[in-house]
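Work through these exercises with the coordinates open. Each task is followed by a solution in steps.

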Amino acid sequence: MSVKQSLQAAALRESLRYVRRNPEQNFARLIALIRPFARLPWHREIIQQAGEMWADPQNNWRRFTERALQQLAPNVAEKIVMNFFLNACLSGVATARTVEKEQDCNVPWAILMDPTSSCNLHCEGCWAGEYARGEHLSLEELDGIIEQGKELGVFFYLYSGGEPLLRAADILKLAEKHSDAVFCAFTNATLVTPELAAQLSEVGNVALAISVEGFDKVNDFRRGEGTYARVVRAMDLLREVGAPFGFSTCYHAQNTEQVASEEFVDAMVEKGCLFGWYFTYMPIGQHARPELLVTPEQRQLMYERVHEFRATKPIFLLDFWNDGEYCNGCIAGGRHYLHINAHGDVEPCAFIHYASTNIREATLLEALKSPLFMQYRQHQPFNKNPLRPCPLLDNPDALVEMVTQAGAYSTQRRDSEPVEVVAGKCREAAAKWAPVADAIWQERTAKQVKQTI
């Protein structure tokens, strides 16, 4: 960061203090101070939209912003603005695009890592259940990945597992050391204590994405009896100290209607969730249950409800599969993110258990240039319809071709599932979803053309 940008950042921090005291009068000033950090045209457009959003007192995103400023501890709000918006979304992305051009490979916006493959729960059909148990990335290895990533412009790091909070002490150490980055852990939240909640609030740059799949009976169906009660208790603890958190939901054939309901989203908002991340069930591994794959009607319902709630609820909702229209399809393979499992295998996605290299044998940049990642770069997007983005769930033959061409190996050391097998479990779902997705996209693009005219 230049001397000029350092001074601008200092002014931005000071402005944040005034915004908390009186958002009505000072938010426009905050937007003005952020504007010089926008180096890409689409960043400047987003900042312009943020200013317009705030000018409308009835705007849902303004209500969300006011809620976040009221709920979060002051240092947490500062870290979100400085680390997430400034470092990860503005400065970091601009650096990453430069490296991408120089190196002719994808450079991600975010890196997902598994500190451990161990877990204190045994959720039925878990996507990570076929990894070998007892694997770990050491503190030094995690630190090394973050150091390398920041050199490439990556300031956003996510943790999954296993249960990442089994390594809570190391997660806090890394957050303190890398105080310019932002972190998010996907967790079952059963290990959240008052002490840990206070530490998360104090460090400020670690959010929790808490796994919940509906209300008590529906949630506990896959996750175990009593887990819903522990989840909502963890949310209470985090909200009380102003720590950042949201929910992470796997929707499947038996819970989609509930987690897509207004009642569920309202309950999550009431508990203090600032974001919600929806994922659909994937039939990975020998113990997968393909009957849990959603129907086309359920996937369409989720698409419609997420769009509806974004416009009406003070919470930021995302759908990992159905939001392909906002990023031109699949984000994996380092295009916007990648996954490093607890054994060190560098995978294109948390749901694609194949790799060409291991982080213990290669640098992060070398991994981004590995055969499987270059296959992703050459083939993305995998479909002209961004509502059919995935090379496994929506275009299974694409994954078979890439894994074969790259000579990639299975990272599921329990069963080494062949790519043809996992692809075969998705072909029927892909075929059924295709005409529904095409009809939705045709209607949506027709509306956009009409609005433009």
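A cavity is a set of grid points where a 1.4 Å probe fits but cannot get out, and its lining residues have an atom within 4 Å of a point. The model is predicted.

**Exercise 1. Find how many cavities of 30 Å³ or more a search of the whole structure gives, then describe the second largest cavity.**

Solution. 
- Step 1: Search the whole structure. Two cavities of 30 Å³ or more turn up.
- Step 2: Take the volume. The second largest cavity holds about 40 Å³.
- Step 3: List the lining. Its residues are Ile284, Phe351, Ile352, His353, Tyr354, Leu392, Leu399, Gln412, Glu417 and Val422.
- Step 4: Sort them by class. The lining of this cavity has seven nonpolar, two polar and one charged residues.

**Exercise 2. Characterise the packing of α15 against α16.**

Solution. 
- Step 1: Locate the helices. Helix α15 covers residues 371-379 and helix α16 covers residues 396-406.
- Step 2: Read the geometry. The two pack at an angle of about 140°, and their axes lie 8 Å apart.
- Step 3: Assign the hand. The crossing of α15 and α16 is right-handed.
- Step 4: Name the partners. From α15 come Pro371, Leu372, Gln375, Tyr376 and His379. From α16 come Leu399, Glu401, Met402, Val403, Gln405 and Ala406.
- Step 5: Count by class. The contact of α15 with α16 has seven nonpolar, three polar and one charged residues.
- Step 6: Link back. Leu399 is in this contact, and Leu399 also lines the second largest cavity.

**Exercise 3. How are α4 and α13 oriented, and which residues meet?**

Solution. 
- Step 1: Take the angle. Helix α4 (residues 60-71) and helix α13 (residues 296-312) pack at about 70°. Their axes are 7 Å apart.
- Step 2: Classify. At this angle α4 is roughly perpendicular to α13.
- Step 3: Identify the contact. Asn60, Trp61 and Arg63 in α4 meet Phe309, Arg310, Ala311 and Thr312 in α13.
- Step 4: Sort by class. The contact of α4 with α13 has three nonpolar, two polar and two charged residues.

**Exercise 4. Compare the makeup of the contact between α10 and α12 by residue class.**

Solution. 
- Step 1: Helix α10 (residues 227-240) packs on helix α12 (residues 262-271) at about 40°, with axes 9 Å apart.
- Step 2: Classify. The helices α10 and α12 are therefore oblique to each other.
- Step 3: List the residues. Tyr228, Val232, Met235, Asp236 and Arg239 of α10 touch Met268, Glu270 and Lys271 of α12.
- Step 4: The contact of α10 with α12 has four nonpolar, no polar and four charged residues.

**Exercise 5. Describe the second largest pocket and its main contributor.**

Solution. 
- Step 1: Take the volume. The second largest pocket contains about 240 Å³ of space.
- Step 2: Inspect the lining. There are 15 lining residues, and Leu293, Val294, Glu428, Ala429 and Lys432 lie nearest the centre.
- Step 3: The largest share, five residues, comes from α18.
- Step 4: Sort by class. The lining of this pocket has eight nonpolar, two polar and five charged residues.

Conventions: Residues are numbered from 1 along each chain as its sequence is written. This is a predicted model: local features need pLDDT of at least 70, side-chain atom pairs count only at pLDDT 80 or more; totals for chains, interfaces and linings use all residues. Side-chain values use heavy atoms; hydrogens and water are left out. Axes are lines fitted to C-alpha atoms, for helices over the stretch in contact, and angles run from 0 to 180 degrees between N-to-C directions. Helices (H or I, at least four residues) and strands (E, at least two) are DSSP runs, numbered from the N terminus. Angles under 35 degrees count as roughly parallel, over 145 as roughly antiparallel, 65 to 115 as roughly perpendicular and the rest as oblique. Contact means heavy atoms within 4.5 Å. Ala, Val, Leu, Ile, Met, Phe, Trp, Tyr, Cys and Pro count as nonpolar, Asp, Glu, Lys and Arg as charged, and the others, Gly among them, as polar. A crossing is left-handed if the near helix is turned anticlockwise from the far one by less than a right angle, and right-handed if clockwise. On a 1 Å grid over the protein atoms alone, a cavity is a set of points where a 1.4 Å probe fits but cannot get out, and a pocket is an open set with protein on both sides within 12 Å along at least five of seven lines; lining residues have an atom within 4 Å of a point. Grid points are joined across faces, edges and corners, and a volume is the space filled by probe spheres set on the points.
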